[in-house]
Amino acid sequence: MSSPDNPVLEALAAHRLVPVVVVDGADEGARLADALVAGGLPVAEITLRLAGGLDAIRAVAKNQPDVVVGAGTVTTVAQVDDVVDAGARYIVSPGLSAAVVRRAQEHGIPVLPGVATPSEIMAALDLGVDVVKLFPASVVGGPAAIKAFSAPFPGLRFVPTGGVSAANLGDYLGLKPVLAVGGSWMVDRSLVTAGDWAEITRRTRDAVDLAAKIDAAKIDAAKIDAAKIDAAKIDQEKNR
């Protein structure tokens with residue numbers, strides 16, 4: 001199961017943002033993690049898109065244990081074994097592979113398979129997964145797709161990834177089924193290769209602040225709705 005009450009998924013839900021990171025080697029991984037932490041976000045999904053991704057995961061897991069480090073772009077059973085051995089605390093895949101999901105479950109590690117259709121969601125649920133990666137989110141319908149999927153699958157939680165940015169972050173985080181969002185705008189690969197860790201920290205801090213404001217506004221709106229309901233009940237009782 002990848003139930004939201006898993007401690008790792010609870011951490012992702014608390015931070016609301018999952019930086020999707022492309023780094024090559026231990027040094028880049030460690031420096032990137034430091035920049036994220038400095039920006040108030042001790043979370044990283046380090047992808048296996050580059051050859052040094054595995055070394056980056058290993059370095060962060062060993063030297064920065066407070067960072068919730070996960071492995072992204074995991075597509076094979078062998079990669080599941082490799083990233084678990086390197087210290088990844090969760091696994092993210094671009095698609096739904098029953099073999100990948102089952103191996104992650106055998107290791108006792110949360111896995112977020114990518115889904116884009118109702119059939120893929122049903123297959124994920126059959127595997128005991130109730131937190132999924134909507135990917136590529138902007139291509140498959142974005143917030144509208146999440147709203148549509150949440151009707152027949154009310155217990156499902158999403159981590160939309162792909163096309164998420166500061167500009168549309170509120171459209172996603174404002175939805176109850178969204179556990180967190182995955183994005184790379186604060187950790188752009190060009191900033192990593194340039195060694196501009198200060199800019200990554202700045203973007204990360206801005207993203208964290210924005211997510212907090214979005215969640216605060218959602219809470220305020222919920223309070224207003226609750227007050228309206230209470231007022232309506234009082235009026236009904238007065239008119240009896």
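**Notes on the strands and helices**

1. Strand 3 (residues 68-72) is mostly covered, with five of its five residues buried. Buried here means under 20% relative accessible area, against over 50% for exposed and partly exposed in between (1.4 Å probe, protein chains only). Val68, Gly70 and Gly72 point one way from strand 3, Val69 and Ala71 point the other way, and all are buried.

2. Before going on, a word on the source: this is a predicted model, in which local features need pLDDT of at least 70 and side-chain atom pairs count only at pLDDT 80 or more, while totals for chains, interfaces and linings use all residues. Residues are numbered from 1 along each chain as its sequence is written, and side-chain values use heavy atoms, leaving out hydrogens and water. Helices (H or I, at least four residues) and strands (E, at least two) are DSSP runs, numbered from the N terminus.

3. What does strand 3 pair with? Its partner is strand 2 (residues 43-47), in the parallel sense and over five bridges; two strands pair if DSSP finds at least two bridges between them. Alanine 44 has valine 69 of strand 3 as its bridge partner. From strand 2 the chain crosses through helix 3 to strand 3, a right-handed β-α-β crossover. Right-handed means that, with the strands pointing away from the viewer, the path from the first strand over the helix to the second runs clockwise.

4. Strand 2 is also mostly covered, as five of its five residues are buried. Val43, Glu45 and Thr47 lie on one side and Ala44 and Ile46 on the other.

5. Strand 1 (residues 17-21) pairs with strand 2 in the parallel sense over two bridges, and valine 20 has glutamate 45 of strand 2 as its bridge partner. The chain goes from strand 1 through helix 2 (residues 26-38) to strand 2, and this β-α-β crossover is right-handed.

6. Now the helices: the axes of helix 3 (residues 53-63) and helix 4 (residues 77-86) come within 8 Å and cross at roughly 30°. The contact (heavy atoms within 4.5 Å) involves Leu54, Ile57, Arg58 and Ala61 of helix 3 and Asp82, Val83, Asp85 and Ala86 of helix 4.

Terms used
Axes fitted to C-alpha atoms, helices over the stretch in contact; angles between N-to-C directions.
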